Amino acid sequence: MRFLWFRCDEIIPATAIAVGVLAICLGGLFLQHELSFEPDTERHCIMSAEAESNLEKYRAEGHSAFVLGYSGESGKVLVQDLNNMKVFKRVVLVGRREVALDPSFGPEFEQKVVDFEKLEDYRDVFQGMDVGFSCMGTTRAKSGTEGFVRVDHDYVLNAAQIAKEQGCKHFNFMSTMSADKNSSLLYARTKGQVEEALKVMHFDRLSIFRPAVLLCNREESRPGEAVARAFLKPVSYFFPTAITVPVEVVSHAMINNLVSPAKQPVEVYENKAIHQLSGISSGCGAKQSRSAESSKAK
């Protein structure tokens, strides 16, 4: 059977075989990531199991925080969780414009509009904030190369430096799974450079989160991401911790880590660790129950 100059009886079976081989290879790669060893699994699962009691202690200490990038998908979920859990006595949402907040938000939340190009003029915004969160980010498609670097690199580091000088002790940075200061890819290289710059600022505690592909329903239209989500949905079902993570999982992981005692000044959490820390993913499974029991026994 021919269609134009193609022989369908030859092309269709060959294409099916090629697709099958590709699917098997990808499945093997995803399975390898899913089964990869995370050395601190027990600690992460204990942290998530003890999060509720740690939160009560942390809340009683009366901390204050600021959030960069609170209008983005990850930031919105984080801020909503901070409100639901009543983590801080005061939360300052720092951005370029005000947005409509959920009516459920308490009086401890306030928005501060700043000009990130002249952030030195807004130093008082960070006064008294002992904790900082950065979920700030844009895309090269939206802002161009220079605009992307300005937002994801310059704005974040300028804010972190000012916050450090104003008394911030614990800075939480949302990076990416592929972060590498030497990467040939702009996104990964920029995130890696920010990580390294934050490390030499010497916060009392620096927590870096490296999530894989974030699963969320964006309000803005990004056709490429919509196609990627359609492909990744079955992948996340069969291999939940391999290459994807819902934004809700990242938010819970950040909070559970926040309220737990620090093991070391700089903490870097890869995607699997984020799942484990969250307490709402399958990252710990049966191991979480065993870890909780062992921690109680101690």
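Because the model is predicted, local features need pLDDT of at least 70 and side-chain atom pairs count only at pLDDT 80 or more, while totals for chains, interfaces and linings use all residues. Residues are numbered from 1 along each chain as its sequence is written, and side-chain values use heavy atoms, with hydrogens and water left out.

**Overall make-up**

- The protein chain holds ten helices and eleven strands (DSSP runs numbered from the N terminus: helices are H or I with at least four residues, strands are E with at least two).
- Of its 298 residues, 47% count as buried (buried means under 20% relative accessible area, exposed over 50%, partly exposed in between, with a 1.4 Å probe and protein chains only).
- Among contacts in the protein chain with a separation of 6 or more, 74% join residues 24 or more positions apart (contact means heavy atoms within 4.5 Å).

**Packing of helix 4 and helix 8**

- Helix 4 (residues 73–85) packs against helix 8 (residues 247–258) at an angle of about 50 degrees, with the axes 9 Å apart (axes are lines fitted to C-alpha atoms, for helices over the stretch in contact, and angles run from 0 to 180 degrees between N-to-C directions).
- The two helices are therefore oblique to each other (under 35 degrees counts as roughly parallel, over 145 as roughly antiparallel, 65 to 115 as roughly perpendicular and the rest as oblique).
- Helix 4 contributes Ser74, Val77, Leu78, Asp81, Leu82 and Met85 to the contact, and helix 8 contributes Val247, Glu248, Ser251, His252 and Ile255.
- By class, this contact of helix 4 with helix 8 comprises six nonpolar, three polar and two charged residues (Ala, Val, Leu, Ile, Met, Phe, Trp, Tyr, Cys and Pro count as nonpolar, Asp, Glu, Lys and Arg as charged, and the others, Gly among them, as polar).

**Phe105**

- Phe105 sits in the loop between strand 4 (90–95) and strand 5 (109–113), and counts as buried because its relative accessibility is 15%.
- Leaving aside residues up to four places away in sequence, Phe105 touches Val79, Gln80 and Asn83.
- Phe105 and Val79 are 26 residues apart in sequence, with a C-alpha to C-alpha distance of 9.3 Å.

**Thr145**

- Thr145 belongs to helix 5 (residues 140–165) and is partly exposed, its relative accessible area being 41%.
- Leaving aside residues up to four places away in sequence, Thr145 touches Arg140 and Leu186.
- Thr145 and Leu186 are 41 residues apart in sequence and 8.4 Å apart in space, C-alpha to C-alpha.
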